[in-house]
Amino acid sequence: MPHKTKARIADIEQRLLLDAIYHQYHYDFRAYAQASLKRRLQSALTQFSCKTLSQLQDRVLHEPAVFTGLLQYLTVQVSDMFRDPSYFLALRNEVVPILRTYPSIKVWVAGCSTGEEVYSLAILLHEEGLLDRTLIYATDINPHALRAAEQGVFDLDRVAAFTENHARAGGRSSLSDYYTARYSRVVFDKALREHMVFSDHSLATDSVFAEVHLISCRNVLIYFERDLQNRALGLFHDALVHRGFLGLGSKESLRFSAQAEHFDDFVLEDRIYRKKAGR
Amino acid sequence: MNASAAHASNTPAGGPYQAIVIGGSSGAIDVLNVLLPRLPVGLRAAVIVVLHLPRDRRSLLVDIFRPRCALPVQEAEDQQPIQAGHLYFAPPDYHLLIDSGPRLALSVDAPLHFSRPSIDVLFESAADGYGDKLVGVLLSGANDDGAAGLAAIHAAGGYTIVQDPASASMPTMPEAALARFPRQTPGKTPSNTPGKTPAPHVLTPEAIAARFVQLHAQRLL
């Protein structure tokens with residue numbers, strides 16, 4: 001079979017599989033960036049011993065456990081605590097002084113995956129004396145990732161990198177103050193979790209659920225096609241209080257987005273934006 | 001003339017190439033310094049480069065190459081439409097992919113061959129997106145990232161070039177790519193077996209630069 005034909009069939013199979021997932025399980029990956037998705041689906045084929053996406057589709061429709069497994073392939077993101085320390089440093093130096101003026105603070109970590117960023121923000125806010133009046137909503141579409149995030153357990157061999165990032169992010173305390181090491185794992189302090197609410201939420205299909213002062217959504221939008229990016233950014237705009245803050249990943253920007261006109265650059269090099277007044 | 005005629009016989013009938021993807025690791029920056037400044041204004045293809053870099057530092061590639069290149073040079077941004085005659089570098093700590101449009105897309109999926117960006121990730125998605133309208137170039141490096149990607153470009157009918165391992169300061173990467181193909185003599189244009197596209201062209205940095213110029217003159221780049 002010519003290569004072009006094979007490639008076209010693979011594209012058709014991918015679209016059909018995503019349709020099937022949407023209709024049966026109501027997870028909508030149809031507007032995700034297809035190139036990344038394709039790589040993940042190809043590695044899932046090996047895992048589920050399928051030759052083609054059509055075969056995988058058959059199993060996904062008829063065996064819910066296969067879908068649950070596939071969801072891990074499609075959604076789990078592994079991040080580091082304080083990934084891109086300069087982002088957290090900019091939050092600390094530029095955004096925290098304004099958050100400090102509110103009697104109570106709400107933060108939304110959209111697409112929190114296994115929670116690295118949620119704990120990073122909680123520690124930062126604790127160091128700045130704001131955690132006691134803060135509630136962090138941490139949302140994701142993957143229930144397994146949410147459960148892991150809620151437990152706050154990470155592999156010990158990742159902690160050295162987390163610690164270095166934390167220091168570079170202007171950390172005022174020792175990261176080890178916030179966790180207990182148990183064998184090859186570390187468990188983060190329950191007191192941090194009292195300020196977190198974990199919840200299932202899809203940027204593709206759900207709507208706004210709260211009014212918040214800061215949204216941190218990093219390296220999530222890069223998995224979306226532009227229309228879905230615009231939808232998510234529209235939700236963020238609606239969820240933010242007057243002059244609220246939005247932080248994106250270091251290579252994400254509002255530049256190619258329909259929402260660009262509704263935000264001001266705040267700390268552009270760290271991709272922190274501020275909702276414009278008057279809307 | 002001879003080389004050009006021999007080359008033309010290897011050109012798929014598909015017409016001009018829309019993109020050149022280049023991958024390299026240790027030892028590749030010197031090669032890029034030979035290749036990129038010689039790319040002519042008016043190039044019909046976009047040029048997209050993955051170089052393995054330290055993850056936790058800002059890349060200096062744009063600063064280094066912008067003043068030396070005739071083409072506009074930038075670091076790839078997510079969802080950016082790919083423009084002909086522009087040169088894009090993958091940012092450190094992100095995979096770079098080609099998505100429909102064609103647009104550039106980034107991901108933070110797990111490193112591949114301990115590398116993010118990974119050359120395989122760029123090459124395989126580019127092979128999907130561009131098919132036989134793609135030139136793939138694999139340079140010096142100390143691991144085997146890029147070998148599977150170059151094979152994917154080849155399988156899609158693209159034009160493949162591997163830096164002559166003898167000219168590479170780290171020959172592992174070009175050798176790993178060539179190990180997937182029948183043996184051939186460096187500098188010699190591979191023979192075309194009926195029904196099968198030729199194996200990669202094995203060229204020195206100077207010869208790769210000359211090949212780009214030649215393909216441009218033939219209105220293929």
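What follows is a short chat about how some labels on this predicted model were reached.

User: Before we start, what are the ground rules for this model?

Analyst: It's predicted, so local features need pLDDT of at least 70 and side-chain atom pairs count only at pLDDT 80 or more, while totals for chains, interfaces and linings use all residues. Residues are numbered from 1 along each chain as its sequence is written, and chains are lettered from A and ligands numbered from 1 in the order in which they are written.

User: What makes chain A as compact as a globular protein of its length?

Analyst: Start with the content: chain A has 10 helices and 10 strands, where helices (H or I, at least four residues) and strands (E, at least two) are DSSP runs numbered from the N terminus. The radius of gyration is taken over C-alpha atoms, and the globule rule is 2.2 Å times the number of residues to the power 0.38. For 279 residues that rule gives 19 Å, and chain A comes out at 20 Å, which is close, so chain A is as compact as a globular protein of that length. Its C-alpha trace spans about 65 × 50 × 30 Å along the principal axes.

User: Which strands of the chain B sheet are edge strands, and how do you know?

Analyst: Two strands pair if DSSP finds at least two bridges between them. The open sheet has 7 strands in the order S3-S4-S2-S1-S7-S8-S9 (chain B), with parallel pairing. Strand S3 (73–75) and strand S9 (201–203) each have a single partner strand, so one side of each is left without a neighbour in the sheet. Neighbouring strands are turned by 20° against each other on average, direction ignored.

User: What makes S8(B) and S9(B) a pair?

Analyst: They share 3 bridges in the parallel sense, against the cut-off of at least two. B:Val162, for one, has B:Val202 in S9(B) as its bridge partner.

User: Why are H1(A) and H3(A) called roughly parallel?

Analyst: Axes are lines fitted to C-alpha atoms, for helices over the stretch in contact, and angles run from 0 to 180 degrees between N-to-C directions. Angles under 35 degrees count as roughly parallel, over 145 as roughly antiparallel, 65 to 115 as roughly perpendicular and the rest as oblique. The axes of H1 (residues 3–25) and H3 (residues 53–62) of chain A come within 9 Å and cross at roughly 10°. The two helices are therefore roughly parallel to each other. Their contact residues divide into 9 nonpolar, 4 polar and 1 charged, where Ala, Val, Leu, Ile, Met, Phe, Trp, Tyr, Cys and Pro count as nonpolar, Asp, Glu, Lys and Arg as charged, and the others, Gly among them, as polar.

User: And how many residues meet between the chains?

Analyst: 23 residues of chain B are in contact with 19 residues of chain A, contact being C-beta atoms, placed from the backbone, within 7 Å. On the chain B side, strand S5 (95–99), strand S6 (103–107) and H4 each give two or more residues. That side divides into 11 nonpolar, 7 polar and 5 charged.

User: What makes the phi of A:Phe82 stand out, and is that residue buried or exposed?

Analyst: Most residues other than glycine have a negative phi, and most peptide bonds are trans. A:Phe82 has a positive phi near 55° and isn't glycine. It sits in the loop between helix H4 (64–75) and helix H5 (85–99) of chain A. With 29 C-beta neighbours inside 10 Å, A:Phe82 counts as buried. B:Arg219 has a positive phi too, near 60°, but B:Arg219 is exposed, with 9 other C-beta atoms within 10 Å.

User: Where are there cis peptide bonds in chain B?

Analyst: One runs from B:Gly101 to B:Pro102, with omega near -5°, and B:Pro102 lies in the loop between S5 and S6 of chain B. Another joins B:Arg116 and B:Pro117, with omega about 10°; B:Pro117 is in the loop between S6 and H4 of chain B.

Key: Contact = placed C-beta atoms within 7 Å. Buried ≥ 20, exposed ≤ 12 C-beta atoms within 10 Å, placed from the backbone.
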